Amino acid sequence: FESSNGMPDITNACVLVVGLGGVGSHTAHMLARSGVKYLRLVDFDQVTLSSLNRHAVATLKDVGLPKVTVLCNHLRQICPDESRLVLDPVVKMYTGDRERDGTMMDPPDGVEKWDIVIDAIDDVPTKANLISYCAKRDIRVISCMGAGGKADPTRVHISDLRSASRDPLATAVRQRLRMLAKKEAKESGEKITNGSGVTSGGWISCVDDDSKLAVVFSSEKVVAKLAAITDEQKEEGMHNFGAVDNMRVRVLPVVGTMPAIMGQTLAAMALCELGGKPFSPVGAERVGRNIRHKLYQHLRSREKKLEDKLTPTLKEGSDNYTTDGTYIGAIQIDPDDVEYLMAELWKNKCAISGSRLGTVLELYRWDMSKPATPNNLVLMCVKSAQKFEKDFVELGDGRKGVDEVTRARIEKRLTMCVLDAEEE
C-alpha cells in the first residue's frame, strides 16, 4: 500500500500515544503491527473487568495490571525484535505540569520532535493540556473525541475540532482550549479572534485547522447516560473506586465496537500521513449555524405568539392546556436539537412534500396537544406549513389535512427520534 519511500518513513517513525483504553489500545496495536518503530505508550490506569469488552488485547488474567504493561507484553509477542519495535512504557498520568510529567513529552534522544501524537485521553482538562502543548510546539496531533454512549459506525467522521458536532467531549475541549488561550492572551495583551469568533492565529488556531489537529468523532447523538452509582460504591465511598484522586468514577456505557472503530481510524490517518499518502476526510454534513439559529428563533417566536393568543382560553387550574386541549408553553429544545432534527431525523427535507434544502424549511409542532419537544417537531416547507396551520384553524388538528400514508410515515419517523439519554 505504501510507496517504496513511504514504508521506511513508517518504520523509522516515532509516535507518542497517550491513553490506552478502548480507543488508544487499538491505535497502538495497529501502529505496532504496521511497522512503526518507536512507540511511547502512556497511561496511568489498570485493566478492569468493565474494560474487557473494548480493550484491544487485555484478557481476564490481565485484570488489575497496568494497561501499559499488558499492551507492551502483547506487542512484544508480535515483534520480539527490539531493534524493529522499540516500546517505551510510561505508567503515569499525563497532567500538563512539567514538574509532575518529567520527561514524558520529550522525544527520544536524537529526535527533534514527535512525528505524531495520538490523543486518546477521555478527561477534559488533561486532553486540552496535551493539545495545547503540542499546538504550541507545532507537533501534529490526531485526537479522539467521545466513544461512549454511541453505536452507529456510519456516524464516525474526521474533521477539525470546531466542526465536531453532537459530541459533548468535543464541546468541552473547545471551551477549555479557548479558556486557556484567553488566559494567555490576557497576560500578553494579544487577541485570539478576529472579532467574529474565528481564531486569528497563535496556537489556538489549531481548533480550526485539521492539518494541526485532526479529530475523530461521532456525530451520533449520545443514547446512554452515565452508569448509575452502585450501592457498593455508595456504601464504601466513591473515593475508593477511582484509580486516581479527583478523576471520574462513573462512566458512559460503551458498545465495544465503537472505541475499536475510532481507534483504528486514528491509526489509519496516522499511518497514511507517516507513509506519505495522506487522505482528505469527507466533512461531516452539518447545518449552518445561521440556519439553525433562524429555525430555532422562528419556532420560539411562533410558539410565543400562539401562547399569548390562547392564554385567555386556559382550562381552570391549568398553566398549559386550553379548553380544547391545545398545549401552550415554552419550547423544549435547544439549537443543537435543531441540527439533529434537520440533518438526522428529517434529512433536510419537508416531511410532508419531500422538498429539500433550497426551499424554506421550518419546524412545526405535529401534535398540538403536546409540547414542542424533539419527538413532536416536524420539518415542513412553507407550502406544507401554511396548509398545516390552516387545517389546524379550520379542522382543529393540522394532521387531519395530511393523507393517511404520509401521516403514518411521519409518525413512525417521530418514534425514531432520539431524546436526551434517559436513565435505565
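User: What percentage of the 424 residues in the protein chain is buried?

Analyst: Buried residues make up 47% of the 424 residues in the protein chain. Buried means under 20% relative accessible area, exposed over 50%, and partly exposed in between, with a 1.4 Å probe and protein chains only. This is a predicted model: local features need pLDDT of at least 70, side-chain atom pairs count only at pLDDT 80 or more, and totals for chains, interfaces and linings use all residues. Residues are numbered from 1 along each chain as its sequence is written, and side-chain values use heavy atoms, leaving out hydrogens and water.

User: How many helices and strands are there?

Analyst: Helices (H or I, at least four residues) and strands (E, at least two) are DSSP runs, numbered from the N terminus. The protein chain has 12 helices and nine strands.

User: Which way do the residues of S1 point?

Analyst: In a regular strand the side chains alternate between the two faces of the sheet. In S1, Cys14, Leu16 and Val18 point one way, while Val15 and Val17 point the other way. Five of the five residues in S1 (residues 14-18) are buried.

User: Which strands does S1 pair with?

Analyst: Two strands pair if DSSP finds at least two bridges between them. S1 runs parallel to S2 (residues 38-42), with five bridges, and parallel to S4 (residues 116-119), with four bridges. Tyr38 in S2 is the bridge partner of Cys14; Val117 in S4 is that of Leu16.

User: Which residues have the most contacts inside the largest nonpolar core?

Analyst: A nonpolar core is a set of buried Ala, Val, Leu, Ile, Met, Phe, Trp, Tyr and Cys residues joined through side-chain atoms within 4.5 Å. The largest has 41 residues, and those with the most contacts inside it are Val15, Val17, Leu31, Val36, Leu39, Leu41 and Ile118. Helix H8 (residues 257-274) gives the most to this core, with eight residues. A second, separate core of 35 residues includes Leu16, Ala128, Ala181 and Val215.
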